[in-house]
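Here is a short briefing on one protein model. Keep the sequence and the 3D view open as you read.

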Amino acid sequence: METFRQWLYTGPGHFQLEEVEKEEPKPGMVRLAVKAFSICGSDLTAFRRMHERMIPPLVLGHEFCGVVDAVGEGVATVKVGQRVGVNPILRCGVCWHCKNGRPNLCPNRHNTGTTILAGRYDGGMREFTYMPEFSLMPLPDSIDFIHGALIEPLGVCIHMADVGYLPNEKYTVIYGCGPVGLMTMLILKARGVEHVICVDVRKNRLKLAKELGASLTIDATEENTVSLVQQFAKERGGADRILLCTDAPEPFLEAMKLARMDGTVVLTGHIKPTIEFRPEDILEKGLRVLSQVTFLPEHLERSMKMIQNKEIPLDKIVTKVLPFSSLQDACELLCAPDNDEIKIVIDVTRK
Ligand SMILES: [Zn+2]
Ligand SMILES: [Zn+2]
């Protein structure tokens, strides 16, 4: 019996390394030798506390890439030995949303490495995993596996950069300087947005945001974000667009105050608490309040091209590459207060 190792998430704070049997892929499925995976903020949420989208036991991981190791019956578009990137949203393909170009909102989907909607689907935090043929994208040789693991998170950020974007955008506020906030800033800068203003509560993250090109950084623990942004973007009466890459509720309320007339507010972080606001604040300024849910296949294709063309400095985002055995340590490190890590990628080929 051939076996491989996987990290089973058994509950907050704990992964269990286990040896499981290697299975032949079912029809239409591919067995993938995972080469690298990165750790997402949502994985860390499950590591910190019970997460309703990731009920244990579960193999986490939706940011990964690898090499086709075996193919099931009928698989025709990928070959054994081929390097591939992964789209972890496994849409049903037949519902109204899938048929109308919105597979990210398919109500019958599996999201790899989560237990949402269609249920548990073990993810990529293991040496081998099983994915449907349609979820794989050829990975050019010029993209190494470490960067290949970032196709998904960068795709999320490209979508974020797009939602509500107008070509005359000049002042964009990003709340939350985690990997999503920082990568979205880099995309907007590459696109020519003149001023990205970054707000966070961690000094080290703000310092990095400044180094990466933020025009203004605001420490929300000691500065007044609303008045600073209003002052900075005075010529337009406030910010053009505000991106909420955080799950804290206050930024949503502030966003409506610091937006210009006809401005846009985009939600992506899961803001849980019920909060009070005046709907008239939206109406009076004619604001657009939009949301961004994961990505579409086109965002992953664009992500792959951006990585290939080295359009953004990913090496500033990947602050550590650790071996397969270090997952638990990597999560503990990322959860430590004031750590300097942005994104940690696990190199599965290093033991
Ligand atoms: Zn993610
Ligand atoms: Zn569907």
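Helix α1 (residues 41–48) packs against helix α12 (residues 327–335) at an angle of about 90 degrees, and their axes lie 10 Å apart. That makes α1 roughly perpendicular to α12 (65 to 115 degrees counts as roughly perpendicular). This is a predicted model: local features need pLDDT of at least 70, side-chain atom pairs count only at pLDDT 80 or more, and totals for chains, interfaces and linings use all residues. Residues are numbered from 1 along each chain as its sequence is written, and side-chain values use heavy atoms, without hydrogens and water.

**Helix contact**
- L44, F47 and R48 of α1 meet Q328, C331, E332, L334 and C335 of α12 (contact means heavy atoms within 4.5 Å).
- By class, this contact of α1 with α12 has five nonpolar, one polar and two charged residues.

- C40 sits in the loop between β3 (29–38) and α1, and E63 in the loop between α1 and β4 (64–71), so the pair ties together parts 23 residues apart in sequence.
- C40 is buried, at 15% relative accessible area, and E63 is buried at 2% (buried means under 20% relative accessible area, with a 1.4 Å probe and protein chains only).

**Nonpolar core**
- The largest nonpolar core has 47 residues, and L154, L182 and M185 touch the most other members.
- Helix α4 (151–162) is among the elements that give two or more residues to this core.
- The largest share, seven residues, comes from α4.

Definitions and conventions: Chains lettered and ligands numbered in written order. Axes fitted to C-alpha atoms, helices over the stretch in contact; angles between N-to-C directions. Helix = DSSP H or I, 4+ residues; strand = E, 2+ residues; numbered from the N terminus. Parallel < 35°, antiparallel > 145°, perpendicular 65-115°, else oblique. Nonpolar A, V, L, I, M, F, W, Y, C, P; charged D, E, K, R; others polar. Buried < 20%, exposed > 50% of the residue type's maximum accessible area, 1.4 Å probe, protein only. Core = buried A, V, L, I, M, F, W, Y, C linked by side-chain atoms within 4.5 Å.
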